[in-house]
Amino acid sequence: QTNVRIALHWTLPDELMTVDPLPPNASVSVAGTRGAVRGVQKDASHFSVSLDLSDFPRGNHALELRTFSVVGLPAGVAVDSWTPASIAFTLDDIATKKVAVRPERVGEPAAGFAVSDLRIEPSVVEVRGPRSRVDRLTELRTRPIDVSGFDGVRDLAVRLDLPRSVTLVDEVQPRAVLTVEPNVESRIFSEIPVHVWRNAGWRLDTQELSVTVQGPRDAVRALTPANVTAFVH
């Protein structure tokens with residue numbers, strides 16, 4: 001006696017599909033003469049079972065695998081048991097739908113930079129799957145896009161977080177176009193002295209100004225009032 005893995009070949013009804021994927025194989029316990037069983041172990045990849053669901057209606061079902069015959073077993077070898085003994089599944093209508101794609105971002109860009117734009121191309125995709133799942137979809141999220149240490153413009157291939165049994169109608173590879181720019185900040189400096197540029201003897205009615213500077217965040221924060229002076233040309 002021995003256990004072997006048997007391939008399961010499924011035939012589904014037109015316009016229907018299973019809500020969850022069907023197993024591609026099962027474990028079968030077989031018994032027979034020593035020589036025959038050894039032959040089964042050696043040629044296990046040649047054995048299979050065909051499960052025709054063509055006449056099954058929409059709804060919940062269960063199959064007892066012991067009612068099906070294993071194709072390819074040699075004479076003198078019999079099936080004792082199956083694991084699993086039965087397979088439960090639900091058949092549902094096949095549905096398609098167009099849904100928006102929303103990027104899911106993790107991480108932080110390089111120091112002093114911020115993400116100014118993140119878009120997915122295409123921004124809308126068409127999906128196919130069991131109606132009970134497709135009808136509930138309002139959008140699809142991408143798998144997390146890690147932007148750690150990024151700067152400039154990046155073009156990245158991304159994967160979508162698809163529900164079970166839902167696939168893309170077109171085998172399109174979505175991409176994320178990411179723009180990372182310096183993190184701009186403004187700062188006001190008061191009482192900045194005003195000087196005449198290279199001209200002696202001039203008198204200024206305005207001796208001080210309030211100055212607003214803008215630039216990369218880290219550079220702006222590093223400034224002190226001593227770094228800022230106004231000149232009249």
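This is a predicted model: local features need pLDDT of at least 70, side-chain atom pairs count only at pLDDT 80 or more; totals for chains, interfaces and linings use all residues.
Residues are numbered from 1 along each chain as its sequence is written. Local features need pLDDT of at least 70, side-chain atom pairs count only at pLDDT 80 or more, and totals for chains, interfaces and linings use all residues, while side-chain values use heavy atoms, with hydrogens and water left out.

**Exercise 1. Overall form**

Solution: 
1. Start with the secondary structure: 3 helices and 18 strands. These are DSSP runs numbered from the N terminus, helices being H or I with at least four residues and strands E with at least two.
2. Along the principal axes, the C-alpha atoms fill a box of roughly 120 × 40 × 25 Å.

**Exercise 2. Burial and contacts**

Task: Find what share of the residues is buried, and what share of the contacts joins residues 24 or more positions apart.

Solution: 
1. Set the classes by relative accessible area: buried is under 20%, exposed over 50%, partly exposed in between (1.4 Å probe, protein chains only).
2. Of the 233 residues, 32% are buried.
3. A contact means heavy atoms within 4.5 Å. Among contacts with a separation of 6 or more, 73% come from residues 24 or more positions apart.

**Exercise 3. Salt bridges**

Task: Count the salt bridges, then work out which parts of the chain the pair glutamate 104 and arginine 141 ties together.

Solution: 
1. Apply the criterion: a side-chain nitrogen of Lys or Arg within 4 Å of a carboxyl oxygen of Asp or Glu. The count is 12.
2. Glutamate 104 and arginine 141 meet at 3.8 Å, N to O.
3. Glutamate 104 lies in the loop between β7 (86–102) and β8 (105–106), and arginine 141 in strand β11 (residues 139–141), so the pair ties together parts 37 residues apart in sequence.
4. Glutamate 104 is partly exposed at 27%, and arginine 141 is partly exposed at 40%.
5. Take another pair. Glutamate 121 bridges to arginine 119, with the closest N and O atoms 3.1 Å apart. Glutamate 121 is partly exposed at 39%; arginine 119 is partly exposed at 38%.
6. Aspartate 135 and arginine 131 also form a salt bridge, at 3.8 Å, N to O.
7. Look for shared partners. Asp20, Arg133 and Arg164 join into one network.
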